[in-house]
Amino acid sequence: MRYADSGGLSAGGRAKREQVRMQAARMFATGVPATKVAARLRVSTKSAYQWRRRWQTGGMAALASTGPGGTTCRLTPPTSCCGYAPS
């Protein structure tokens, strides 16, 4: 699957995903097991377990969005992806 901004979620998608993680953290705080969190929030159990581990070590701040993923472009400004500078 290809995404609009060259990989990863859009800013709106990241915000929505962060809301889901925060909702999961509130559920973990009330003692809801990760498998139930996954089912209720319609996410994978792997994600729920990862979020629970992060929440246990760093609280809700550990589940906050860190911005877009991926690496930054290493091309110098006059270089393009095709190997020649634009006119």
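This is a predicted model: local features need pLDDT of at least 70, side-chain atom pairs count only at pLDDT 80 or more; totals for chains, interfaces and linings use all residues.
Residues are numbered from 1 along each chain as its sequence is written, and side-chain values use heavy atoms, with hydrogens and water left out.

**Helix 1 with helix 2**
- The axes (lines fitted to C-alpha atoms over the stretch in contact, with angles from 0 to 180 degrees between N-to-C directions) of helix 1 and helix 2 come within 10 Å and cross at roughly 140°, where helices are DSSP runs of H or I with at least four residues, numbered from the N terminus.
- The contact (heavy atoms within 4.5 Å) involves Val-20, Gln-23, Ala-24, Met-27 and Phe-28 of helix 1 and Ala-34, Val-37, Arg-40 and Leu-41 of helix 2.
- By class, this contact has seven nonpolar, one polar and one charged residues, with Ala, Val, Leu, Ile, Met, Phe, Trp, Tyr, Cys and Pro counted as nonpolar, Asp, Glu, Lys and Arg as charged, and the others, Gly among them, as polar.

**Helix 2 with helix 3**
- The axes of helix 2 (residues 34–41) and helix 3 come within 8 Å and cross at roughly 125°, and the two helices are therefore oblique to each other.
- Ala-34, Thr-35 and Ala-38 of helix 2 make the contact with Thr-45, Ala-48, Tyr-49 and Arg-52 of helix 3, a set that divides into four nonpolar, two polar and one charged.

**Helix 1 with helix 3**
- Helix 1 and helix 3 pack at about 70° with their axes 10 Å apart, which makes helix 1 roughly perpendicular to helix 3.
- From helix 1, Arg-17, Val-20, Arg-21, Ala-24, Ala-25, Phe-28 and Ala-29 meet Ser-47, Ala-48, Trp-51, Arg-52 and Trp-55 in helix 3.

**The largest pocket**
- The largest pocket holds about 220 Å³ of space, a pocket being an open set of points on a 1 Å grid over the protein atoms alone where a 1.4 Å probe fits, with protein on both sides within 12 Å along at least five of seven lines, and lining residues having an atom within 4 Å of a point; the volume is the space filled by probe spheres set on the points, which are joined across faces, edges and corners.
- Of its twelve lining residues, Leu-9, Arg-17, Arg-21, Trp-51 and Arg-54 are the closest to the centre.
- Helix 3 gives the most to this lining, with four residues.

Methods: Angles under 35 degrees count as roughly parallel, over 145 as roughly antiparallel, 65 to 115 as roughly perpendicular and the rest as oblique.
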